[in-house]
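Hello! Here are a few friendly notes on the charged side chains, to read alongside the model.

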Amino acid sequence: MLTRDYKGADGIRLAALIFVALCLVPGGAHLASLLNKIDRAPEAYMTMQQAYNGWALFGIVIYGALLTTALHTILVRRQRGPFWLSLGAFLLIVLTQVIFWAFTYPANAVTSNWTVIPENFEGWRQQWEYSHAINAVLTFIAFVLLALSVIESRREDDAPLA
């Protein structure tokens, strides 16, 4: 059972922080490249998109973030502040997946992973780019919430029991 005295608590905290931090890598890359790519001619844009081949493996990291933030939320469930912060982080990671599957993935599908220029190219490009940008911001906020939860839960763990 996961409680504040659980011997693996620090491992769960560390794993959650690592997985959410790793989720920042692709999101940050997409956000950083947005302004450089958004106005490129379709052919140039399609060439640039090939840099993302193989990035689907980051899905493993996302599942790790979902699992470990859920475990961390359970771990701190009796600590009011840390619980709400951790739950917020978990729900933001969930929201990034909702956005991915509702907006990003359909653009990947219609373009055959950016190997085919579709009709309404500009609409699909904007949908793909902005959904990634929003997810990068949400993931950053999730990381901050999780870090605050870890700090606060450790502070409470170290407090003397009444």
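1. Helices (H or I, at least four residues) and strands (E, at least two) are DSSP runs, numbered from the N terminus. This is a predicted model, in which local features need pLDDT of at least 70, side-chain atom pairs count only at pLDDT 80 or more, and totals for chains, interfaces and linings use all residues. Residues are numbered from 1 along each chain as its sequence is written, and side-chain values use heavy atoms, with hydrogens and water left out.

2. Searching the whole structure gives 5 salt bridges (a side-chain nitrogen of Lys or Arg within 4 Å of a carboxyl oxygen of Asp or Glu). In one of them, Glu122 pairs with Arg125 at 2.6 Å, N to O. The two are 3 residues apart in helix α5, so about one helical turn separates them. Arg125 is buried at 4% relative accessible area, whereas Glu122 is partly exposed at 32% (buried is under 20%, exposed over 50%, partly exposed in between, with a 1.4 Å probe and protein chains only).

3. Helix α5 also holds Glu152 and Arg155, again 3 residues apart, about one turn. Their salt bridge has its closest N and O atoms 2.8 Å apart. Glu152 is partly exposed at 25%, and Arg155 is exposed at 52%.

4. Which residues does the salt bridge network link? Asp10, Arg13 and Arg154 are its members. Within it, the side chains of Arg154 and Asp10 meet at 3.3 Å, N to O. Arg154 lies in helix α5 (residues 121-158) and Asp10 in helix α1 (residues 9-37), so this pair ties together parts 144 residues apart in sequence.
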